[in-house]
Amino acid sequence: MTDTVAYLLAIGVAFVINVPFGYWRAGVRKFSPQWFLAVHAAVPMVIAMRFAFGLPFRWSMFTLFVAVYFGGQFAGSWLRRRRAAQPNRP
């Protein structure tokens with residue numbers, strides 16, 4: 001697997017990892033211990049995944065991973081708000 005494909009796969013997986021944590025974060029009180037856990041728990045998972053893929057640290061990719069991290073957190077939060085706004089949900 002080339003570095004480009006590995007980085008694209010890692011970026012996609014990092015986004016998916018952060019979605020449930022963003023969903024969880026949106027349902028807890030801001031700055032509570034649960035909130036801090038929801039914000040930071042995905043970081044070691046993404047780092048471990050990067051090591052598993054054998055991807056070296058690059059500053060140019062770091063900024064992209066940070067953007068994907070916040071994107072996944074935002075998407076999870078958006079999903080929770082959207083679900084809460086739906087009437088008659090099961």
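This is a predicted model: local features need pLDDT of at least 70, side-chain atom pairs count only at pLDDT 80 or more; totals for chains, interfaces and linings use all residues.

Me: Why are H1 and H2 called roughly antiparallel?

Reply: Helix H1 (residues 3-25) and helix H2 (residues 33-40) pack at an angle of about 165°, with their axes 8 Å apart. Anything over 145 degrees counts as roughly antiparallel, so H1 and H2 get that label. H1 passes H2 in a left-handed crossing.

Me: Which residues make the contact between H1 and H2?

Reply: From H1 you have Phe21, Trp24 and Arg25, and from H2 there are Gln34, Trp35, Leu37, Ala38 and Val39. By class, that contact has six nonpolar, one polar and one charged residues.

Me: How do you know that H1 and H3 are roughly antiparallel?

Reply: H1 and helix H3 (residues 42-52) pack at about 160°, with axes 10 Å apart. The cut-off is over 145 degrees, so H1 and H3 also come out as roughly antiparallel. H1 passes H3 in a right-handed crossing.

Me: What makes the contact of H1 with H3, residue by residue and by class?

Reply: H1 brings Ala10, Val13, Ala14, Ile17, Asn18 and Phe21, while H3 brings Ala42, Met45, Val46 and Met49. By class, the contact of H1 with H3 has nine nonpolar, one polar and no charged residues.

Me: Why is Asn18 called buried?

Reply: Asn18, which is found in helix H1, has a relative accessible area of 0%. Buried means under 20%, so Asn18 qualifies. Leaving out residues up to four places away in sequence, Asn18 touches Ala42, Val46, Tyr69, Gly72 and Gln73.

Me: On to the rings. How many aromatic pairs are there?

Reply: Counting ring centres that lie within 6.5 Å, the total comes to eight aromatic pairs. Ring pairs also link Phe31, Trp35 and Phe36 into a cluster.

Me: What makes Phe57 and Trp59 an edge-to-face pair?

Reply: The ring centres of Phe57 and Trp59 are 5.0 Å apart, and the planes sit at 85°. Planes over 60 degrees apart count as edge-to-face, so that's the label for this pair.

Me: And why does the pair of Trp59 and Phe62 count as edge-to-face?

Reply: Here the centres are 5.4 Å apart and the planes at 80°, and since the cut-off is over 60 degrees, Trp59 and Phe62 are edge-to-face. Trp59 and Phe62 are three residues apart in helix H4 (residues 59-85), so about one helical turn separates them.

Me: Are Phe57, Trp59 and Phe62 buried, partly exposed or exposed, and why?

Reply: Trp59 is at 63% relative accessibility, and over 50% means exposed, so Trp59 counts as exposed. Phe57 has 45% and Phe62 has 38%.

Terms used: Residues are numbered from 1 along each chain as its sequence is written. Side-chain values use heavy atoms; hydrogens and water are left out. Axes are lines fitted to C-alpha atoms, for helices over the stretch in contact, and angles run from 0 to 180 degrees between N-to-C directions. Helices (H or I, at least four residues) and strands (E, at least two) are DSSP runs, numbered from the N terminus. Angles under 35 degrees count as roughly parallel, over 145 as roughly antiparallel, 65 to 115 as roughly perpendicular and the rest as oblique. A crossing is left-handed if the near helix is turned anticlockwise from the far one by less than a right angle, and right-handed if clockwise. Contact means heavy atoms within 4.5 Å. Ala, Val, Leu, Ile, Met, Phe, Trp, Tyr, Cys and Pro count as nonpolar, Asp, Glu, Lys and Arg as charged, and the others, Gly among them, as polar. Rings of Phe, Tyr and Trp (its six-membered ring) pair if their centres lie within 6.5 Å; planes under 30 degrees apart count as stacked, over 60 as edge-to-face and the rest as tilted. Buried means under 20% relative accessible area, exposed over 50%, partly exposed in between (1.4 Å probe, protein chains only).
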